[in-house]
Amino acid sequence: DVSLRKTYKEEIIKKLNSTNTIDKVETELSSYSDTLIQAYNSGNQYVNSIRNLMSVAWSVYGASLIAQIWKNYNNNNNERDDLLCATRRFLYLALMSDYNISTIQQTLINVLKMLKNKSNVQNITKVLDDFIKQKDMISGSNICLSNLAYGDKALKIILLSLEYKANTPYIELTSKIHADHILPKEYQKEPAWSHIVDHNRAESIINSLGNMALLESNKNISQKNFGFGIKQKLYNGNDENGQPIISVTVFHESLNVANQNNNWDLDNIDDRKIQLEKKIKNMLNI
């Protein structure tokens, strides 16, 4: 906030001599802010996905793209959502391909100009698609997805995006939201996991996408080596004793783990990895 105010005063106001120009800038900024708030409050799944991505990369461009699309294309929900979907896809593929802002910046600026001029939706999406093909971002994203694991910056925001396909309200990515190991890292300390006997295989897949489930909890709960029976309670929004936890987010994909499995083993991890990869590829059109 301090940095923004300083920039506004020193880089904008001091360089504008006309009161009318200053008023015009402030009116434009106010309109931009109002539009962005409307988009954020809409519950739109693509807006929610982009917002989560903005927590790790390109927040200025993400907000600018959302605002321009919402301002100029909101009279046609299909056009608006087509643009938001294409924007979400571009930004996520760029992140998964490990591109920095210098690589994608000019394309984003070009798209913002087209959005401001209310250009044809197909022409805008073609600019994004052409860049994706030119940089072979599909290959980069496939490599990222096949290796997606605990600790990767893209993991939680991708899993959150899957939640929004089920019309889940926006979920802020805070320190309380964990990528939980369904099979705990120190599973050998808990007798409930005694059926896991292939320790070499377990070690190779324990951090993989298939063994990750979103969980909102305090750090102590997330780090305990609970058996699968207690994990099922946690993913259903209860504590280890089965008592409901007030104001805790329940995640659909974590519920699937809890309610569609009677036990959890290494084959479950491999199977779930395949299932999640298919869902993510479908969501991002990979």
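**A first look**

Tutor: Helices here are DSSP runs (H or I, at least four residues), numbered from the N terminus. This is a predicted model, where local features need pLDDT of at least 70, side-chain atom pairs count only at pLDDT 80 or more, and totals for chains, interfaces and linings use all residues. Residues are numbered from 1 along each chain as its sequence is written, and side-chain values use heavy atoms, with hydrogens and water left out.

Student: OK, which residues of α12 are buried?

Tutor: Phe228, Lys231, Leu234 and Tyr235. Buried means under 20% relative accessible area, with a 1.4 Å probe and protein chains only.

Student: And where do they sit around the helix axis?

Tutor: Seen down the axis of α12, the buried residues fall within an arc of 105°, so they line one face of the helix. That arc is taken from the directions from the helix axis to the C-beta atoms.

Student: Switching to rings, how many aromatic pairs are there?

Tutor: The structure holds two. One is Phe228 with Trp264, stacked at 6.0 Å centre to centre and 20° between the planes. Rings of Phe, Tyr and Trp (its six-membered ring) pair if their centres lie within 6.5 Å, and planes under 30 degrees apart count as stacked.

Student: Where in the chain are Phe228 and Trp264?

Tutor: They link distant parts, 36 residues apart: Phe228 is in helix α12 (residues 228-235), while Trp264 is in the loop between α13 (252-259) and α14 (266-284). Phe228 is buried at a relative accessible area of 5%, and Trp264 is buried too, at 2%.

Student: What about Arg51, which rings does it sit over?

Tutor: Arg51 lies over the face of Tyr40, 4.0 Å from the ring centre. Its charged end also sits over the ring of Tyr170, 3.7 Å from the centre. The test for Arg is CZ within 6 Å of the ring centre and within 35 degrees of the ring normal.

Student: New topic: how many residues are in the largest nonpolar core?

Tutor: That core has 60 residues, and Trp58, Phe90 and Leu148 are among those with the most contacts inside it. Helix α5 (residues 77-96) gives the most to this core, with 10 residues. A nonpolar core is a set of buried Ala, Val, Leu, Ile, Met, Phe, Trp, Tyr and Cys residues joined through side-chain atoms within 4.5 Å.

Definitions and conventions. Rings of Phe, Tyr and Trp (its six-membered ring) pair if their centres lie within 6.5 Å; planes under 30 degrees apart count as stacked, over 60 as edge-to-face and the rest as tilted. Helices (H or I, at least four residues) and strands (E, at least two) are DSSP runs, numbered from the N terminus. Buried means under 20% relative accessible area, exposed over 50%, partly exposed in between (1.4 Å probe, protein chains only).
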